[in-house]
Amino acid sequence: MTEIEPRRKTLSAEQVLLAYEALLARSGRMLDCVRRHDWETLVEEESHYLVDVEQLSDRESDTVLDAGQQARKAMLLERILDRDLEIRRCLVARREELAALIGSSRRKRDLRRSYGPASRDSAFHLDEDSP
(Lines give C-alpha, C1' and ligand atoms only; values in the text may rest on other atoms or scores of the structure.)
Protein backbone atom coordinates (compact mmCIF):
# COMPACT_ATOMS: atom_id res chain seq x y z
CA MET A 1 0.00 0.00 0.00
CA THR A 2 1.24 3.47 -0.86
CA GLU A 3 1.31 6.03 1.87
CA ILE A 4 -0.33 9.30 0.86
CA GLU A 5 1.53 12.45 1.79
CA PRO A 6 -0.57 14.50 4.18
CA ARG A 7 -1.83 17.75 2.74
CA ARG A 8 -0.07 20.83 4.01
CA LYS A 9 -1.95 23.15 6.29
CA THR A 10 -3.80 25.96 4.49
CA LEU A 11 -2.60 29.46 5.28
CA SER A 12 -4.82 32.15 6.73
CA ALA A 13 -5.49 35.24 4.64
CA GLU A 14 -3.06 37.25 6.77
CA GLN A 15 -0.36 34.57 6.37
CA VAL A 16 -0.84 34.64 2.60
CA LEU A 17 -0.37 38.41 2.51
CA LEU A 18 2.69 38.18 4.75
CA ALA A 19 4.13 35.53 2.43
CA TYR A 20 3.65 37.83 -0.59
CA GLU A 21 5.31 40.66 1.33
CA ALA A 22 8.23 38.33 2.03
CA LEU A 23 8.43 37.48 -1.68
CA LEU A 24 8.44 41.20 -2.49
CA ALA A 25 11.30 41.74 -0.04
CA ARG A 26 13.26 38.83 -1.51
CA SER A 27 12.68 40.13 -5.05
CA GLY A 28 14.07 43.48 -3.87
CA ARG A 29 17.19 41.76 -2.59
CA MET A 30 17.51 39.93 -5.92
CA LEU A 31 17.27 43.22 -7.81
CA ASP A 32 19.94 44.74 -5.55
CA CYS A 33 22.20 41.75 -6.29
CA VAL A 34 21.78 42.24 -10.03
CA ARG A 35 22.54 45.95 -9.77
CA ARG A 36 25.70 45.20 -7.74
CA HIS A 37 26.67 42.34 -10.08
CA ASP A 38 26.66 39.99 -7.08
CA TRP A 39 25.85 36.87 -9.10
CA GLU A 40 26.57 34.32 -6.36
CA THR A 41 24.15 35.92 -3.92
CA LEU A 42 21.60 36.37 -6.70
CA VAL A 43 21.60 32.63 -7.43
CA GLU A 44 21.20 31.87 -3.72
CA GLU A 45 18.34 34.36 -3.32
CA GLU A 46 16.64 33.07 -6.45
CA SER A 47 16.76 29.46 -5.27
CA HIS A 48 15.11 30.46 -1.98
CA TYR A 49 12.59 32.56 -3.90
CA LEU A 50 11.57 29.61 -6.07
CA VAL A 51 11.10 27.36 -3.03
CA ASP A 52 9.02 30.06 -1.31
CA VAL A 53 6.83 30.50 -4.41
CA GLU A 54 6.23 26.77 -4.69
CA GLN A 55 5.35 26.43 -1.00
CA LEU A 56 3.03 29.42 -1.12
CA SER A 57 1.32 28.08 -4.20
CA ASP A 58 0.72 24.72 -2.50
CA ARG A 59 -0.65 26.23 0.68
CA GLU A 60 -2.72 29.22 -0.46
CA SER A 61 -5.05 27.48 -2.90
CA ASP A 62 -7.89 27.06 -0.38
CA THR A 63 -7.44 30.43 1.31
CA VAL A 64 -10.31 32.87 0.84
CA LEU A 65 -9.41 36.56 0.65
CA ASP A 66 -11.90 39.39 1.03
CA ALA A 67 -11.94 42.25 -1.51
CA GLY A 68 -9.41 44.34 0.41
CA GLN A 69 -7.06 41.40 0.83
CA GLN A 70 -7.40 40.53 -2.86
CA ALA A 71 -6.52 44.11 -3.77
CA ARG A 72 -3.48 43.99 -1.47
CA LYS A 73 -2.36 40.68 -2.97
CA ALA A 74 -2.77 42.08 -6.50
CA MET A 75 -0.69 45.15 -5.60
CA LEU A 76 2.05 42.96 -4.10
CA LEU A 77 2.05 40.71 -7.17
CA GLU A 78 2.30 43.72 -9.46
CA ARG A 79 5.31 45.04 -7.56
CA ILE A 80 6.94 41.58 -7.57
CA LEU A 81 6.39 41.30 -11.34
CA ASP A 82 7.79 44.81 -11.91
CA ARG A 83 10.95 43.84 -10.04
CA ASP A 84 11.13 40.56 -11.94
CA LEU A 85 10.97 42.48 -15.22
CA GLU A 86 13.76 44.81 -14.11
CA ILE A 87 15.88 41.83 -13.02
CA ARG A 88 15.35 40.21 -16.42
CA ARG A 89 16.29 43.43 -18.24
CA CYS A 90 19.51 43.68 -16.24
CA LEU A 91 20.33 40.01 -16.88
CA VAL A 92 19.74 40.39 -20.62
CA ALA A 93 22.04 43.43 -20.67
CA ARG A 94 24.68 41.43 -18.78
CA ARG A 95 24.30 38.51 -21.19
CA GLU A 96 24.81 40.87 -24.15
CA GLU A 97 27.86 42.39 -22.45
CA LEU A 98 29.36 38.94 -21.91
CA ALA A 99 28.58 37.93 -25.50
CA ALA A 100 30.42 41.03 -26.75
CA LEU A 101 33.43 40.21 -24.57
CA ILE A 102 33.47 36.63 -25.81
CA GLY A 103 33.20 37.84 -29.41
CA SER A 104 36.07 40.26 -28.92
CA SER A 105 38.18 37.54 -27.33
CA ARG A 106 37.49 35.19 -30.22
CA ARG A 107 38.43 37.84 -32.78
CA LYS A 108 41.72 38.53 -30.96
CA ARG A 109 42.47 34.82 -30.74
CA ASP A 110 41.70 34.35 -34.43
CA LEU A 111 43.97 37.27 -35.35
CA ARG A 112 46.80 35.86 -33.24
CA ARG A 113 46.35 32.47 -34.89
CA SER A 114 46.27 33.99 -38.37
CA TYR A 115 49.21 36.34 -38.06
CA GLY A 116 51.25 34.73 -35.31
CA PRO A 117 52.82 36.51 -32.38
CA ALA A 118 53.90 40.03 -33.26
CA SER A 119 57.42 40.95 -32.43
CA ARG A 120 58.00 44.01 -30.22
CA ASP A 121 60.42 45.36 -32.83
CA SER A 122 57.90 44.96 -35.59
CA ALA A 123 56.58 48.12 -37.26
CA PHE A 124 53.11 46.59 -37.23
CA HIS A 125 51.49 44.91 -34.29
CA LEU A 126 47.99 44.63 -32.99
CA ASP A 127 47.24 46.79 -30.06
CA GLU A 128 43.96 46.94 -28.11
CA ASP A 129 44.07 50.73 -28.14
CA SER A 130 44.60 51.06 -31.90
CA PRO A 131 41.64 51.50 -34.22
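Author: The chain has three helices and zero strands. Along the sequence, the pattern reads α-α-α. Keep in mind that this is a predicted model. Buried residues account for 21% of the 131 residues in the chain. Now take contacts between residues at least 6 apart in sequence: 75% of them join residues at least 24 apart.

Helix 3 is the part to follow. Helix 3 covers residues 67–115. Start with its length. Helix 3 has 49 residues, and at 1.5 Å a residue they should span 72 Å. The end C-alpha atoms of helix 3 are 71 Å apart, which agrees with that figure.

Next, which residues of helix 3 are buried? They are Gln69, Lys73, Leu76, Ile80, Ile87 and Gly103. An α-helix has 3.6 residues a turn, so residues three or four places apart point the same way. What do the buried residues of helix 3 pack against? Their partners are helix 1, residues 13–36, and helix 2.

Take each partner in turn. Two packed helices are described by the angle between their axes and the distance between the axes.

The axes of helix 1 and helix 3 come within 9 Å and cross at roughly 15°. An angle under 35 degrees counts as roughly parallel, so helix 1 is roughly parallel to helix 3. Their crossing is left-handed. Sorted by class, the contact of helix 1 with helix 3 has 15 nonpolar, three polar and seven charged residues.

Now helix 2, residues 39–60. The axes of helix 2 and helix 3 come within 14 Å and cross at roughly 150°. The cut-off for roughly antiparallel is an angle over 145 degrees. Helix 2 and helix 3 are therefore roughly antiparallel to each other. Helix 2 also passes helix 3 in a left-handed crossing. On the helix 2 side, the contact is made by Trp39, Leu42, Tyr49 and Glu60. Helix 3 brings Lys73, Ile80, Leu91 and Arg94. By class, this contact of helix 2 with helix 3 has five nonpolar, no polar and three charged residues.

Two residues link the lists. Lys73 and Ile80 are among the buried residues of helix 3, and both take part in the contact with helix 2.

To put helix 3 together: helix 1 runs roughly parallel to helix 3, while helix 2 runs roughly antiparallel to helix 3.

Note on methods: Residues numbered from 1 in each chain as written. Predicted model: local features only at pLDDT ≥ 70, side-chain atom pairs only at ≥ 80, totals over all residues. Heavy atoms only, no water. Axes fitted to C-alpha atoms, helices over the stretch in contact; angles between N-to-C directions. Helix = DSSP H or I, 4+ residues; strand = E, 2+ residues; numbered from the N terminus. Parallel < 35°, antiparallel > 145°, perpendicular 65-115°, else oblique. Left-handed = near helix turned anticlockwise from the far one by under 90°. Contact = heavy atoms within 4.5 Å. Nonpolar A, V, L, I, M, F, W, Y, C, P; charged D, E, K, R; others polar. Expected span 1.5 Å × (residues − 1). Buried < 20%, exposed > 50% of the residue type's maximum accessible area, 1.4 Å probe, protein only.
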